[in-house]
Amino acid sequence: MSCDLMNNFTRLGKIGEGTYGVVYKAKQKDKDRVVALKKIRLDTEAEGVPSTAIREISLLRELDHPNIVQLLDVIHSQNKLHLVFEYLDKDLKQFMDNYGKVLPMNLVKSYTSQLLKGIEFCHSHRVLHRDLKPQNLLLDVNGSIKLADFGLARTFTIPIRMYTHEVITLWYRAPEILLGTKMYSTAVDIWSIGCIVAEMIMHKAIFPGDSEIDQLYKIFRVMGTPDQSMWFGIDKLPDYNGAFPQWKTQNLLQHILKIRENSINKKLKDDSSQVKQTLLKELKEKAFTEQLIQLCDLLKYMLKYDPKERDSARKLLKNCFFDNMKYINPDKNFLIALGHNPDKRNDDTGYETRSVEKSSENKDEKENQLGPAGDN
Ligand SMILES: Nc1ncnc2c1ncn2[C@@H]1O[C@H](COP(=O)(O)OP(=O)(O)O)[C@@H](O)[C@H]1O
Ligand SMILES: [Mg+2]
């Protein structure tokens with residue numbers, strides 16, 4: 001292929017830079033569509049594209065699912081490799097920062113269900129993601145969330161041995177990896193999703209460690225220092241230490257409630273509007289508490305110490321927490337946080353579910369968009 005192929009793209013700006021290279025927002029001229037263009041940095045010495053990259057790409061191409069970012073094209077010209085992805089508005093990290101307050105329960109529920117559907121699909125295709133974190137989850141205005149950045153993903157055959165240790169960003173890293181296991185399983189992704197879900201509901205990372213040992217201790221302080229009764233065989237893991245400080249298991253519900261309340265108070269310190277009061281009041285409402293109890297039960301299955309006991313995505317999706325999924329409309333703050341400019345309706349509770357589209361003719365249709373992505 002020639003580099004003429006790249007003339008087909010107009011760069012509209014840099015949207016990310018990370019492990020593998022730069023990501024641009026770009027216009028694909030012939031197809032008249034906006035895409036995300038990921039330039040893969042290749043070793044200068046290496047001749048052509050490494051076979052591992054090729055393998056990973058073909059793997060991504062097979063993963064066709066509404067909750068997995070779509071790879072539209074692969075452009076391999078000279079020594080450069082460009083991956084063309086569908087463009088999404090923001091990643092979850094950017095969104096949570098922009099949104100600036102705790103997310104509504106309905107949204108958390110919808111995102112949780114979609115994340116599990118996406119990862120269930122990966123796992124059923126024998127793909128581990130291994131680097132799930134808010135920066136690698138992409139959102140659109142229709143309420144979809146999609147898994148992205150499969151740079152570290154690998155196909156696996158059970159059991160999975162000897163992957164390099166440095167794979168998952170610390171905060172979302174499963175305890176078995178922190179304790180030096182050589183056997184990675186699908187459970188590492190479930191742990192990460194558990195951490196992400198907790199962060200969405202608390203507006204703060206649940207285990208924000210700054211070193212491997214601090215990461216373990218952050219986990220232990222909340223989930224209790226694990227022992228044989230919680231995790232059979234833990235003493236066999238390479239980095240297990242019988243002299244770890246002992247912490248008791250906290251009540252997860254109380255912990256989450258407390259941090260959510262702190263986040264509401266802290267983040268909305270100068271807020272004189274109703275938002276803060278509404279959010280604080282909600283914490284005491286029965287309907288909310290019931291949902292939170294269910295969410296915490298689900299989290300306990302995702303954050304089980306023993307990877308063998310951690311539930312699979314398929315099983316988690318059957319949890320009653322997902323029984324009554326409500327479809328909600330994107331509100332003004334949601335759209336703004338995604339970088340859109342809604343009309344001037346004055347809705348800042350973050351909870352009203354009304355259409356902010358200029359035309360309200362297709363309201364029914366809109367109402368079905370934000371929320372669970374149907375029966376994926
Ligand atoms: N398809 C996309 N649409 C919109 N933004 C994207 C897209 N892909 C990536 N990004 C942005 O670029 C960042 C880096 O991309 P990513 O694929 O995670 O690569 P890296 O390996 O550099 O982490 C993401 O965190 C996200 O903010
Ligand atoms: Mg990334």
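Reader: What percentage of the 376 residues in the protein is buried?
Author: This is a predicted model, in which local features need pLDDT of at least 70, side-chain atom pairs count only at pLDDT 80 or more, and totals for chains, interfaces and linings use all residues. Residues are numbered from 1 along each chain as its sequence is written, while chains are lettered from A and ligands numbered from 1 in the order in which they are written. A residue is buried if 20 or more other C-beta atoms lie within 10 Å of its own, exposed if 12 or fewer do, and partly exposed in between, with C-beta atoms placed from the backbone. By this criterion, the buried share of the 376 residues is 36%.

Reader: How many helices and strands make up the secondary structure of the protein?
Author: Helices (H or I, at least four residues) and strands (E, at least two) are DSSP runs, numbered from the N terminus. Counted in this way, the secondary structure comes to 13 helices and twelve strands.

Reader: Among contacts between residues at least 6 apart in sequence, what percentage joins residues at least 24 apart?
Author: Two residues are in contact if their C-beta atoms, placed from the backbone, lie within 7 Å. Among such contacts at a sequence separation of at least 6, the share joining residues at least 24 apart is 67%.

Reader: In what order do the strands of the five-stranded open sheet stand?
Author: Two strands pair if DSSP finds at least two bridges between them. Seven bridges join S1 (residues 9–17) to S2 (residues 21–28), and eight join S2 to S3 (residues 33–40). The edge strands, each pairing on one side only, are S1 and S4 (71–77). The pairing in this sheet is antiparallel, and the order is S1-S2-S3-S5-S4.

Reader: How many residues of strand S1 are buried?
Author: S1 is an edge strand and pairs on one side only. The strand is hardly covered: among its nine residues, the count of buried ones is zero.

Reader: Which strands form the edges of the three-stranded sheet?
Author: This open sheet has the order S6-S8-S9 with antiparallel pairing. Two bridges join S6 to S8 (residues 137–139), and Lys 90 stands opposite Leu 139 in S8. The strands that pair on one side only are S6 (90–91) and S9 (145–147).

Reader: Why is helix H6 described as largely enclosed by the rest of the structure?
Author: The 16 residues of H6 (residues 187–202) should span 22 Å at 1.5 Å a residue, and the end C-alpha atoms are 23 Å apart, which agrees; the expected span is 1.5 Å times one less than the number of residues. H6 is largely enclosed because the number of its residues that are buried is 16 of the 16.

Reader: How many residues of helix H4 are buried?
Author: H4 (residues 105–124) has 20 residues and reaches 28 Å from its first C-alpha to its last, close to the 28 Å expected. The helix is mostly covered, with a buried count of 16 of its 20 residues.

Reader: Are H4 and H6 roughly parallel or roughly antiparallel to each other?
Author: Residues of H4 including Val 108, Leu 115 and Ile 119 meet residues of H6 including Asp 189, Val 197 and Ile 201. The helices pack at an angle of about 165°, with their axes 10 Å apart; axes are lines fitted to C-alpha atoms, for helices over the stretch in contact, and angles run from 0 to 180 degrees between N-to-C directions. Angles under 35 degrees count as roughly parallel, over 145 as roughly antiparallel, 65 to 115 as roughly perpendicular and the rest as oblique. H4 and H6 are therefore roughly antiparallel.

Reader: Is His 203 buried, partly exposed or exposed?
Author: His 203 follows H6 and is found in the loop between H6 and H7 (212–223). Although His 203 is not a glycine, its phi is positive, at about 65°. With 19 other C-beta atoms within 10 Å, His 203 is partly exposed.

Reader: Is Asp 149 buried or exposed?
Author: Asp 149 lies in the loop between S9 and S10 (154–155), and its phi is positive, near 60°. Having 23 C-beta neighbours inside 10 Å, Asp 149 counts as buried.

Reader: How far apart in space are Pro 330 and Val 141, C-alpha to C-alpha?
Author: Pro 330 is placed in the loop between H11 (313–316) and H12 (332–337). Because Pro 330 has 25 C-beta neighbours inside 10 Å, it counts as buried. Pro 330 and Val 141 are 189 residues apart in sequence, and their C-alpha separation in space is 7.3 Å.
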